[in-house]
Structures are given as structure tokens and as C-alpha cells.
Amino acid sequence: MAGRPYKRRKWIYKKKTTKIAEKYIGTPYTWGGNKKGKGIDCSGLTQQVFKEQGVDIPRRARDQAKKGKPVSKNNLQPGDLVFFNTGN
């Protein structure tokens with residue numbers, strides 16, 4: 001398994017997801033942050049990008065991974081989130 005991607009939605013396309021995420025370029029990293037103007041962290045970014053597409057996912061990466069369903073590396077699609085077990 002490549003990780004535990006969040007269940008993808010057919011209507012989330014790579015270009016749309018990328019375009020939304022690009023709006024956050026230059027936003028400072030802030031641990032626990034989820035606001036463009038104040039700072040954002042990795043899971044905050046994924047939460048906001050999906051939220052702007054009408055998909056509600058949990059705030060923390062750990063919770064995002066638990067909500068998703070595992071798929072093999074060969075079956076990854078644009079819009080999937082990949083999580084790795086780091087042993088923490």
C-alpha cells in the first residue's frame with residue numbers, strides 16, 4: 001500500500017485541486033494553522049483545498065488518514081491524499 005488516501009470523489013480533478021492549492025503559495029507555515037492570511041500547515045492546507053470543493057475532511061492528518069480507505073500505489077488517482085506510517 002502506498003498509504004491511506006482519502007476516498008476520492010470523481011469530480012475532483014487534478015487541475016482544479018492544484019489551482020486551489022496554488023492560491024496558498026507564499027502563505028507562511030504555522031503549526032495548527034488553517035487560514036491563508038494567518039498561516040497554514042500541511043493538514044490545514046489539504047482540509048481547506050477539499051473544503052473549497054465541497055468535501056469535508058477532518059482537520060488533523062491522523063484523522064484524515066483514518067477516514068480514508070487504503071488503495072494500492074498503482075490505483076492512486078488525482079485528488080487522493082497519501083499518508084505514511086512514521087511510527088509516531
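Me: What volume does the second largest pocket have?
Reply: Start with the term. A pocket is an open set of points on a 1 Å grid over the protein atoms alone, with protein on both sides within 12 Å along at least five of seven lines. Grid points are joined across faces, edges and corners, and the volume is the space filled by probe spheres set on the points. Here the second largest pocket holds about 180 Å³. This is a predicted model: local features need pLDDT of at least 70, side-chain atom pairs count only at pLDDT 80 or more, and totals for chains, interfaces and linings use all residues. Residues are numbered from 1 along each chain as its sequence is written, and side-chain values use heavy atoms, with hydrogens and water left out.

Me: Which residues line the second largest pocket?
Reply: A lining residue has an atom within 4 Å of a point. In this pocket they are Tyr29, Asp41, Cys42, Ser43, Thr46, Ala61, Gln64, Leu81, Val82 and Phe83. The largest share, three residues, comes from α2.

Me: How do the lining residues of the second largest pocket divide into nonpolar, polar and charged?
Reply: Ala, Val, Leu, Ile, Met, Phe, Trp, Tyr, Cys and Pro count as nonpolar; Asp, Glu, Lys and Arg as charged; the others, Gly among them, as polar. The lining has six nonpolar residues, three polar and one charged.

Me: What pattern does the protein chain follow along the sequence?
Reply: Helices (H or I, at least four residues) and strands (E, at least two) are DSSP runs, numbered from the N terminus. The protein chain has three helices and two strands. Their order is α-β-β-α-α.

Me: Is Gln47 buried or exposed?
Reply: Buried means under 20% relative accessible area, exposed over 50%, partly exposed in between (1.4 Å probe, protein chains only). Gln47 sits in helix α2 (residues 42-51). Gln47 is buried because its relative accessibility is 13%. By contrast, Lys15 lies in helix α1 (residues 14-22) and counts as exposed, at 74%. Across the protein chain, buried residues make up 35% of the 88 residues.

Me: Which residues does Gln47 touch, not counting those up to four places away in sequence?
Reply: A contact means heavy atoms within 4.5 Å. Gln47 touches Asn34, Ile57, Pro58, Arg59 and Gln64. For the protein chain, take contacts with a separation of 6 or more: residues 24 or more positions apart account for 58% of them.

Me: How many salt bridges does the structure hold?
Reply: Side chains of opposite charge can pair when their charged atoms come close. The cut-off: a side-chain nitrogen of Lys or Arg within 4 Å of a carboxyl oxygen of Asp or Glu. The structure holds three. Lys23 pairs with Glu52 at 2.6 Å, N to O. That pair links distant parts of the chain, 29 residues apart: Lys23 is in the loop between α1 and β1 (34-35), Glu52 in the loop between α2 and α3. Arg59 pairs with Asp41, the closest N and O atoms being 2.9 Å apart. Here Arg59 is in the loop between α2 and α3, and Asp41 in the loop between β2 (39-40) and α2, 18 residues apart. Asp63 and Arg60 meet at 3.0 Å, N to O.

Me: Is Asp41 buried or exposed?
Reply: Asp41 counts as buried, at 9% relative accessibility. Lys23 is partly exposed, at 42%. Glu52 is partly exposed too, at 37%.

Notes. On a 1 Å grid over the protein atoms alone, a cavity is a set of points where a 1.4 Å probe fits but cannot get out, and a pocket is an open set with protein on both sides within 12 Å along at least five of seven lines; lining residues have an atom within 4 Å of a point.
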